[in-house]
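Please open the model in your viewer and keep the sequence beside it. The tour below moves from one selection to the next and says what is found at each stop.

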Amino acid sequence: MKVQVLLFARLREITGAGHVEVEVEEGTTPASIFEQLSAAHPQLAPTRARLRVAIDQEYAEWETPLRDGAELAFIPPTAGG
Amino acid sequence: VARLTRDPIDVEQLAREVEGLGFGGTASFVGTVRNQQEGRPVRHLEYEAHEAMAERELERLVEEAQRRWDIGKVAIRHRLGRLELGEVSVAIAVSAAHRAPALEACHWLIDTLKAEVPIFKKEFYEDGEDWVEESAPG
């Protein structure tokens, strides 16, 4: 299945892309996709402790299984205001 | 109405948006770009956001404020893109029949916006740049 992954701020700069499409197995979790991205971009790994995940524009858990066509966003520390 | 904008925020227009003859007052918060962060001079800022999610979160905050307090109308704008020192980055206006709920809701809205809405800030210094990642009072 395909998942649309959105990367912001420092994550976007590390990977060089704000949006990537990944092909993964049914039921893959945000945690597992982040691990795959970190393998390709080792500088991502230390950012994980401060990230949240959002699935289809709602905050979600790292272990929530993803569905085909889902939008997964890794959300860095927010700093609005 | 709560939304993101790349254009300068008109604070007076925002206050007019929440006016009503039944409301005895409007509480507002206006955030501006500060010239230093923990003593380090800041030259300008850039904001980016998960835009679709941020607008949904802002709308959700407005609905929650209206459930929790006896308030009238709420208007919120947050800037994106490059901002110069002194420019308005965020503005919130809350009208109500009485001052206490307007002030309390406005305070809650700016605190919750900072913590929950997926907006990200990069500071540019004389000798570098960095994403702001503390949850210290901003």
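Leaving aside its neighbours within four places in sequence, with which residues is B:Ile71 in contact? Select B:Ile71 and show what has heavy atoms within 4.5 Å, the cut-off for contact: the partners are B:Ala65, B:Gln66, B:Val94, B:Ser95, B:Ala96, B:Pro101, B:Ala102 and B:Ala105. This is a predicted model, in which local features need pLDDT of at least 70 and side-chain atom pairs count only at pLDDT 80 or more, while totals for chains, interfaces and linings use all residues. Residues are numbered from 1 along each chain as its sequence is written, chains are lettered from A and ligands numbered from 1 in the order in which they are written, and side-chain values use heavy atoms, with hydrogens and water left out.

B:Ile71 lies in the loop between helix 2 and strand 5 of chain B, where helices (H or I, at least four residues) and strands (E, at least two) are DSSP runs numbered from the N terminus. B:Ile71 counts as buried because its relative accessibility is 14%, buried being under 20% relative accessible area with a 1.4 Å probe and protein chains only. Its C-alpha atom is 9.7 Å from that of B:Leu103, 32 residues apart along the chain.

Next, select helix 3 of chain B, residues 99-116, whose 18 residues reach 25 Å from the first C-alpha to the last, close to the expected 26 Å, a span taken as 1.5 Å times one less than the number of residues. Among the buried residues of this helix are B:Pro101, B:Ala102, B:Ala105, B:Trp108 and B:Leu109.

The area buried between the two chains, meaning the accessible area (1.4 Å probe) lost on being put together and summed over both, is about 2,100 Å², with 46% from carbon and sulfur atoms. B:His50, B:Phe120 and B:Glu133 supply 29% of the area that chain B buries against chain A, more than any other three residues.

Finally, select B:Asp130 and A:Arg10, which form a salt bridge with their closest N and O atoms 3.0 Å apart; the rule, a side-chain nitrogen of Lys or Arg within 4 Å of a carboxyl oxygen of Asp or Glu, finds six salt bridges across this interface.

How values were computed: Buried means under 20% relative accessible area, exposed over 50%, partly exposed in between (1.4 Å probe, protein chains only).
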